[in-house]
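Work through the exercises below with the coordinates open. Each task is followed by a stepwise solution.

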Amino acid sequence: MKELFSEIRGAIMSTVILALVCCGLYPVVVFGIGQVAFRDKANGSLIVDKDGTVRGSKLLGQSFTAEKYFHPRPSAAGNGYDAANSSGSNLGPTSQKLNNAIKDRIEVYRKENGLKETDAVPADAVTASGSGLDPHISPRNAELQIARVSKARGLAETTLRELIKQHTDQPDFGILGEAGVNVLTLNIALDSH
C-alpha cells in the first residue's frame, strides 16, 4: 500500500511540475521573446494613427468600395472581410455559382475601371483568397485601378504609381511568393494626400 501512495505522489508531482513548466513558464518565455524580438508582429502588425486610433492590421484586408480608393480582392469571409468567419467560399472549379460570380465580378471590374470588354482582368480582382482576408492585390490589379482613383481624387497618375510602389511588399527572401500591394496601407496613404 505504501508503494501505491508513493507512485500516486510521484504522478501528482510530475503533473504539477509539467503544468507549471508547460502552462506557466513556457508561455511566459515565448511571450517575452515575442515582445522583445518581434513586438510589431507579436501584437498583430497594427496600423495606428498619430492620435492612437487603430486603423487595422497590415495582415488583414478591409472592404473599400468608394471610387476614390483602391479596391481589394473579393472576400468570401462572412459578409466580407469578417475575421470571425475567415474562410473561402468552398466552391470548386466546376461550380456554376462560382462561374457566374466571377463573370459578374469581371463585368463590374471592367465598368468601374473603364476597361474594354476585351481587356484582361487579373484573377485576384475577381476571385477571393482562401482566407477571405488577404490584404494584398497584384501590382497589375492596382495599375488598372489608377485611372479611376486619379479621376476621383484629382491626383496625378504618376503620384499614384509612386504610392503603389511604396506600398508593394516584395516576395520573402526575394523568391517566396509574389509581390503584392497592401491595399489598406495604400488607401491610408491616399487619405493623407
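**Salt-bridge exercises**

A network of salt bridges links D49, R55, R153 and D191. A salt bridge here is a side-chain nitrogen of Lys or Arg within 4 Å of a carboxyl oxygen of Asp or Glu. The model is predicted: local features need pLDDT of at least 70, side-chain atom pairs count only at pLDDT 80 or more, and totals for chains, interfaces and linings use all residues. Residues are numbered from 1 along each chain as its sequence is written, and side-chain values use heavy atoms, leaving out hydrogens and water.

**Exercise 1.** State how many salt bridges the structure holds.

*Solution.* The count is six.

**Exercise 2.** Characterise the salt bridge between R55 and D191.

*Solution.*
- Step 1: the N to O distance is 3.8 Å.
- Step 2: R55 sits in strand β2 (residues 54–57) and D191 in helix α6 (residues 183–191), so the pair ties together parts 136 residues apart in sequence. Helices (H or I, at least four residues) and strands (E, at least two) are DSSP runs, numbered from the N terminus.
- Step 3: R55 has a relative accessible area of 31% and is partly exposed. D191, at 35%, is also partly exposed. Buried means under 20% relative accessible area, exposed over 50%, partly exposed in between (1.4 Å probe, protein chains only).

**Exercise 3.** Find the distance between the closest N and O atoms of D191 and R153.

*Solution.*
- Step 1: these atoms are 2.9 Å apart.
- Step 2: R153 lies in helix α4 (residues 139–153) and D191 in helix α6, so this pair joins parts 38 residues apart in sequence.
- Step 3: R153 is partly exposed at 22% relative accessibility.
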